[in-house]
Amino acid sequence: MTDHELVEQARSGNDEAFQDLIEKHYRTVQKFAFQIGVHRTDVEDITQDVFLKVYRSLSSFTGKTFTTWLYSITLNAARDHMRREKRQRRNVEVLKEKQPAKPYAELGSREASWELHDMLLRLEEKYRIPLILHYFHDQSFKEIGDVIGKSESAVKTRVMRARRQLKKEWEKVGVEA
């Protein structure tokens, strides 16, 4: 069966047709994601994400070449992933630079992790949830806004305030440790 026929059947609710599309193109998506720079340990996650997006977007497929559409979705998913990874690495570096050396020197990493966890739990929920979603679950400010029903700018403000509060608390631990 052609891709076009499989797409049409999948649109009408035929799960087997969608499964056939996945089986036909799974390796192609994996290969393309790897070739454009997705780390090999993340290729599987990206591939699954691509097919989830394909499933959700089948109704918007305009009938162009399916593989062209699939490559476009793969490219966007890979770019999003790589941006998140880069942002996460940058955030870790910024946090390392802003953190005083004393707590890391005097607290074991396990103890520091528990201390950070306790500090997070002491934050008001309106600050804690956006901070956790952004830094520990790689959610964008817009995505967090969708989750908590706030604007993107409100989320940015809450994350900034949460970071400021955590920094103050962390500095206290550094002084007390």
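Analyst: Let's begin with the overall layout: read along the sequence, the pattern is α-α-α-α-α-α-α-α-α. That is nine helices and zero strands, where helices (H or I, at least four residues) and strands (E, at least two) are DSSP runs numbered from the N terminus. Keep in mind that this is a predicted model, in which local features need pLDDT of at least 70, side-chain atom pairs count only at pLDDT 80 or more, and totals for chains, interfaces and linings use all residues. Residues are numbered from 1 along each chain as its sequence is written, and side-chain values use heavy atoms, with hydrogens and water left out.

Now to the part you asked about. Two packed helices are described by the angle between their axes and the distance between the axes. Here the axes are lines fitted to C-alpha atoms, for helices over the stretch in contact, with angles from 0 to 180 degrees between N-to-C directions.

Start with helix α1 (residues 3–11) and helix α2 (residues 15–35): their axes come within 8 Å and cross at roughly 140 degrees. α1 and α2 are therefore oblique to each other (under 35 degrees would be roughly parallel, over 145 roughly antiparallel, 65 to 115 roughly perpendicular, and the rest is oblique). Their crossing is left-handed, a label used if the near helix is turned anticlockwise from the far one by less than a right angle, with right-handed used if clockwise. On the α1 side, Asp3, Leu6, Val7, Gln9 and Ala10 make the contact, and α2 brings Ala17, Phe18, Asp20, Leu21, Lys24 and His25; contact means heavy atoms within 4.5 Å. Sorted by class, the α1 contact with α2 has six nonpolar, two polar and three charged residues. For those classes, Ala, Val, Leu, Ile, Met, Phe, Trp, Tyr, Cys and Pro count as nonpolar, Asp, Glu, Lys and Arg as charged, and the others, Gly among them, as polar.

Next, follow α2 to its other partner here, helix α3 (residues 43–57). The axes of α2 and α3 come within 9 Å and cross at roughly 140 degrees, so this pair is oblique too. The crossing of α2 and α3, though, is right-handed. From α2, the residues that meet α3 include Phe18, Leu21, Ile22, Tyr26, Val29 and Phe34. Waiting for them in α3 are residues including Val43, Ile46, Val50, Phe51 and Val54. By class, this α2 contact with α3 has 13 nonpolar, four polar and two charged residues.

Have a look at Lys31 while you're there; this residue is in helix α2. Lys31 has a relative accessible area of 47%, which means it is partly exposed (buried is under 20%, exposed over 50%, partly exposed in between, with a 1.4 Å probe and protein chains only). Lys31 and Val43 are twelve residues apart in sequence, and their C-alpha atoms are 8.4 Å apart in space.

Finally, step back to the whole chain. Of the protein's 177 residues, 32% count as buried. Among contacts with a separation of 6 or more, 61% join residues 24 or more positions apart. The protein exposes about 11500 Å², with carbon and sulfur atoms supplying 49% of it; accessible areas come from the Shrake-Rupley method with a 1.4 Å probe, and for residues, only the protein chains shown count as cover.
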